[in-house]
Amino acid sequence: MDSDGDGSDAESATSGDEYTFDDLSVVMGTYNEEAAIGTVLDDIERVTDGWAEVVCVDGSSDRTPEIADQRGARVVRQEPQGYGVAVREALLAADRPVVVTTDCDDTYPMEQLPEFLDWINRGYDVVSGDRLYWGAEAMPDLNRWGNHAFAALASLLLGERVHDTTTGMRAYRRDVIEDVAWTENTGLSAELLIRPLARGYDVREIPIEYDERAGETKLDPFTGGAAIAKSIVKVCLEERKR
Ligand SMILES: Nc1nc2c(ncn2[C@@H]2O[C@H](COP(=O)(O)OP(=O)(O)OP(=O)(O)O)[C@@H](O)[C@H]2O)c(=O)[nH]1
Ligand SMILES: [Mg+2]
């Protein structure tokens, strides 16, 4: 992976026309996020001048889907079955050649969408937002320690240093999404980084800002953390056997 700033791995791979916001889908799982969804969708609209497609896979019992629909997002209804089930569906529902994931909780910087697109245009297949680079002070301590531990575990098993395995904000070329069979639920975010890296795709981590969450968390840090650790070990071992 390249995160040293010179872009040496992938820059030469760029060819043809560059992707614009017209080529971008921003996708998310949404589960009772009425405190945040208006701001998140307004930010995407403002930053991309209304050009990006937005897909919300929604399991809410509050007004989240109505707010999303009013703001022009494509809303796919789904029984709540966990983070990964929703985000996988959202990734596969996206129509455009570049797909960015986010959480719908106003933690991730939509202002950095142009940077993500820029790194894809430089030839990277996956661009991963590293929340820990700037310290992630807004993150609860337990989550921050857990996220450092997940990154250490994944780095050890992959034989390559990764810094934030559980970030919710990444950009992917559509081919990557379509070429891999995704299996994890709570651990999907880690899987979405590990399998492309293990298969030789060009992956780059970039520093991102991370804000305090609006609304209630949907993740239990203990059961969720255990599920993520298990997914990291399982996915790394599966990739070694391929
Ligand atoms: N449709 C759907 N969305 C979900 C489900 N579980 C979580 N989500 C969404 O997935 C995203 C991630 O969930 P979060 O609660 O933010 O999890 P987290 O980022 O690990 O935890 P925080 O640090 O509290 O933000 C949010 O946009 C949720 O609304 C689900 O079962 N169904
Ligand atoms: Mg979140």
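**Close-up views of a predicted model**

**Figure 1. Strand β5 in the predicted model is covered on both faces.** On one side of β5 lie V126, S128 and D130, and on the other V127 and G129; these residues are all buried. The count for the strand is thus five buried residues of five. Strand β5 spans residues 126-130 and is joined to β6 by three bridges, with the two strands running antiparallel. V126 has Y172 as its bridge partner in β6, and V127 has A171. β5 also pairs with β7, here in the parallel sense and over five bridges. In that pairing V126 stands opposite V203 of β7.

**Figure 2. Strand β6 is covered on both faces.** The strand comprises residues 170-173. R170 and Y172 are on one side, A171 and R173 on the other, and all are buried. β6 pairs with strand β4, residues 98-101, in the antiparallel sense over four bridges. V98 is placed opposite R173 of β6. The pairing of β6 with β5 is antiparallel as well and has three bridges. Two residues of β6 named above in the view of its faces take part there: A171 is the bridge partner of V127, and Y172 is that of V126.

**Figure 3. Seven strands form an open sheet with mixed pairing.** The strand order is β3-β2-β1-β4-β6-β5-β7. The edges are formed by β3 (74-77) and β7 (203-207), each of which pairs on one side only. On average, neighbouring strands are turned by 20 degrees against each other, direction ignored. Helix α3 packs on this sheet and touches β1, β2, β3 and β4. The direction of α3 makes about 155 degrees with that of β1. Strands of a sheet pair through backbone hydrogen bonds, in either the parallel or the antiparallel sense. Both senses can be followed at β5, which is parallel to β7 and antiparallel to β6.

**Figure 4. Ligand 1 is surrounded by 24 residues.** The closest of these residues are G29, Y31, A86, T217 and K218. At least two residues of the shell come from each of β1 (24-30), β2 (53-58) and α3 (83-93). β1 gives the largest share, three residues. Sorted by class, the shell holds eight nonpolar, 10 polar and six charged residues.

**Figure 5. R213 is located in the loop between β7 and α8.** Helix α8 covers residues 221-241. R213 is partly exposed, because 18 other C-beta atoms lie within 10 Å, and a residue would need 20 or more to count as buried. Apart from neighbours within four places in sequence, R213 is in contact with D105 and T107. V47 is 166 residues away from R213 in sequence, and the C-alpha to C-alpha distance between them is 20 Å.

**Figure 6. G38 is part of helix α1.** The helix runs over residues 37-47. G38 has 18 C-beta neighbours inside 10 Å and so counts as partly exposed. G38 and R213 are 175 residues apart in sequence, and their C-alpha atoms are 14 Å apart in space.

**Figure 7. S61 lies in the loop between β2 and α2.** Helix α2 covers residues 64-70. S61 has 9 other C-beta atoms within 10 Å and is therefore exposed, the limit being 12 or fewer. N32 is 29 residues from S61 along the chain, and the C-alpha atoms of the two are separated by 6.3 Å.

**Figure 8. The protein chain as a whole has eight helices and seven strands.** Its C-alpha trace spans about 45 × 45 × 35 Å along the principal axes. Among contacts with a separation of 6 or more, 79% are between residues 24 or more positions apart.

Terms used
Residues are numbered from 1 along each chain as its sequence is written. Chains are lettered from A and ligands numbered from 1 in the order in which they are written. This is a predicted model: local features need pLDDT of at least 70, side-chain atom pairs count only at pLDDT 80 or more; totals for chains, interfaces and linings use all residues. Two strands pair if DSSP finds at least two bridges between them. A residue is near a molecule or strand if its C-beta atom, placed from the backbone, lies within 6 Å of it. Ala, Val, Leu, Ile, Met, Phe, Trp, Tyr, Cys and Pro count as nonpolar, Asp, Glu, Lys and Arg as charged, and the others, Gly among them, as polar. Two residues are in contact if their C-beta atoms, placed from the backbone, lie within 7 Å. Axes are lines fitted to C-alpha atoms, for helices over the stretch in contact, and angles run from 0 to 180 degrees between N-to-C directions.
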